[in-house]
Amino acid sequence: MRKRALILANQHHEDPRFAALPGAAADAEQLSAVLADSAIGGFEVDVLVDGTARNWQKAVHQFFSTAERDDILLLHLSCHGRKDARNRLHFIARDTEFDMLEATSVSAEFLTDRMEQSRSWRTVLLLDCCYSGAFTKGMRSRGAPDVDVDEAFQGNGRIVITSSTALQYSYEAEALSRRKDQPSVFTSAIVEGLRSGDADFDADGYVTADDLYQFLSRRVPEQVPDQTPTMSVISVDGQIRLARSTKPAATWALPEGDEAARLQLSMIPTRPPRIPGVQVAYRYVPSTHPAAMGGDWFDAFQLPGSRVALVVGDVMGGSGVSTAAAMGRLRAGVLALGGMDLPTGQLLRHLDNMVQKLSDEHLATCLYAVYDPINRTCELASAGHVPPVLVHPDGTGELLEIPAGAPIGVGGVPFVAKKIDVVDGSMLVMCTDGLVEMRDSGMAAGLAALRENLIDPKQTPEDACNTILERLHTEDRKDDVALLVARFDGVAETEVATWKLAVDRSEVRRARQLVRDQLAAWQLDALSDITELLVSELVTNAVRVARDYVQLQLIRVDKLAVEVSDDNHNLPSLEPAESLDEHGRGLIVLSKLAERWGTARKAVGKVVWFELPLPGTD
């Protein structure tokens with residue numbers, strides 16, 4: 001395995017309409033030094049400053065085409081970024097001409113193609129330019145090759161970390177980096193995080209791509225509040241280690257060669273998602289006895305309708321590589337089944353069936369919850385798991401009585417869901433038994449402590465996690481702990497618009513008018529044309545196949561979310577453009593213009609959804 005880095009920077013331009021970026025050379029010099037340091041990055045580094053677009057393309061082509069499967073590749077660009085008339089990102093080289101952007105620059109599409117054709121499955125891009133968040137629009141994913149257990153400790157996939165969103169102009173790239181020998185805020189934060197070890201967020205002795213993003217997402221806005229780093233992940237399995245930490249590992253850092261514990265830690269998410277209407281935080285605390293590492297895990301992910309799925313699980317009766325591997329299979333199963341938007345009880349039923357088919361000897365408990373921030377409900381189903389605690393806005397805690405069910409893997413046992421109403425400001429606490437099992441008094445005492453005014457609902461979920469661990473967790477616990485805290489904030493009624501449409505083609509025109517009027521009321525006229533076009537395509541498809549109803553819903557949160565539902569359960573599929581007539585073009589148009597989109601079955605019928613960024617926001 002080789003670690004290779006290519007740094008492309010441009011500070012001077014032949015076309016005077018592009019402002020000079022003197023700091024770009026400092027970006028390249030300082031980042032090159034820290035990446036090449038054998039005690040930190042250990043990369044083989046190539047640097048090209050002020051190259052022509054042709055030279056950059058040749059360097060990028062050679063960089064990716066000569067890579068081997070096990071290589072770790074890191075590409076860093078420090079330059080101007082500019083979008084063309086079709087909103088596609090281009091990187092500005094020395095000889096780029098302002099009026100001939102597409103012919104004289106390096107396009108994001110070129111970089112994406114080189115990445116996808118490379119043999120290496122571990123690639124990290126660091127993009128320090130204006131509008132760099134636009135790079136990931138249209139990125140495609142390919143199936144990951146088979147990896148053995150050893151390879152899983154060093155993750156696989158493609159990760160893109162950008163200095164700004166698709167809509168942000170990085171003012172700091174021209175303002176702060178004009179000082180000679182001073183790198184940009186984004187790149188200097190990368191250098192600082194690697195050199196100081198502060199980017200080692202989980203204190204395990206390594207800086208992963210995920211660690212680096214967490215560090216940048218905090219450090220950059222501290223200096224430039226209007227600049228928001230972004231991270232996009234394509235088919236990543238495990239963590240991609242970029243560097244060794246210069247700080248001593250935390251007291252629970254694992255000894256070299258403890259494969260089971262390292263596999264367990266590599267498969268647990270480290271960064272909570274940002275989902276409108278809910279705040280999520282979670283913690284994983286390994287056992288103080290590494291040999292007793294269990295299979296605890298958690299997850300939070302978004303579903304259609306701005307709903308969010310919350311998961312905590314625990315593989316029972318064992319430790320070691322097989323237990324960690326079982327946890328990975330279960331977590332992947334929940335994510336896959338969750339993407340189908342199954343009801344909570346059905347999801348656990350399918351998960352149990354999956355374990356039966358795999359002839360897995362492990363049993364596991366699991367708690368699966370779905371929060372609806374529009375209707376203010378939470379539906380939960382349990383497979384023999386520790387019951388959750390709902391903390392009401394006044395601070396009182398309630399131990400939720402959910403039909404317990406049997407652990408996953410037992411087979412033949414129903415999983416009964418329970419739906420509850422939740423008030424804005426409530427908190428849901430989900431954990432594994434390692435947190436609440438007391439040495440002398442059992443689990444009942446731990447659950448009682450968890451519900452009795454332990455959490456101040458005015459706290460953030462992050463603070464609540466810290467409080468819970470400080471009060472309940474002791475250093476001599478033999479079991480690991482998974483803890484998830486979600487604060488339910490809801491989505492205001494004024495931010496949601498829903499209409500029932502008749503199954504009639506004339507409703508397409510009405511749908512366009514409804515969208516236009518609602519976006520005008522929300523002062524989102526800039527999104528009207530593209531939203532009307534996409535809604536028109538989706539409603540046209542829906543009325544062609546629906547029997548009794550079609551529903552259109554718009555949600556304004558940190559993005560514009562649009563859903564078109566109907567009572568036909570057959571999901572549409574994205575087909576090659578050359579095989580389609582005019583009736584099959586809807587998803588092609590959707591995939592090209594929407595920031596995110598998807599389809600899912602509902603209890604009755606299906607939903608097709610898409611998202612668009614709000615003007616001036618992430």
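**Reading salt bridges in a predicted model**

Student: What is the mean pLDDT of the chain, and how many of its residues reach 70 or more?

Tutor: pLDDT is the predictor's confidence in each residue, from 0 to 100. Here the chain has a mean pLDDT of 83, and 83% of its residues reach 70 or more. This is a predicted model, in which local features need pLDDT of at least 70, side-chain atom pairs count only at pLDDT 80 or more, and totals for chains, interfaces and linings use all residues. Residues are numbered from 1 along each chain as its sequence is written, and side-chain values use heavy atoms, with hydrogens and water left out.

Student: Where does pLDDT stay under 50?

Tutor: One stretch is residues 136–155. The model has 57 contacts there beyond four places in sequence, a contact being heavy atoms within 4.5 Å. Another is residues 250–257, with 13 such contacts.

Student: How many salt bridges are found in the whole structure?

Tutor: A salt bridge is a side-chain nitrogen of Lys or Arg within 4 Å of a carboxyl oxygen of Asp or Glu. A search of the whole structure finds 21.

Student: Which residue forms a salt bridge with Glu44?

Tutor: Arg2 does, with the closest N and O atoms 2.6 Å apart. Glu44 lies in strand E2 (residues 44–49) and Arg2 in the segment before strand E1 (3–9), so the pair ties together parts 42 residues apart in sequence. Helices (H or I, at least four residues) and strands (E, at least two) are DSSP runs, numbered from the N terminus.

Student: Which side chain meets Glu462 in a salt bridge?

Tutor: That of Arg283, at 2.7 Å from N to O. Glu462 is in helix H14 (residues 461–472) and Arg283 in strand E12 (residues 278–285), so this pair ties together parts 179 residues apart in sequence. Glu462 is partly exposed, at 32%.

Student: Where do Arg556 and Glu495 lie?

Tutor: Their side chains meet in a salt bridge of 2.6 Å, N to O. Arg556 is in strand E23 (residues 550–556). Glu495 is in the loop between strand E21 (481–488) and strand E22 (496–501), 61 residues apart from Arg556. Arg556 is partly exposed at 21%, whereas Glu495 is buried at 18%.

Student: Which residues are linked in a network of salt bridges?

Tutor: Asp15, Arg17 and Asp99 are linked in this way.

Notes: Buried means under 20% relative accessible area, exposed over 50%, partly exposed in between (1.4 Å probe, protein chains only).
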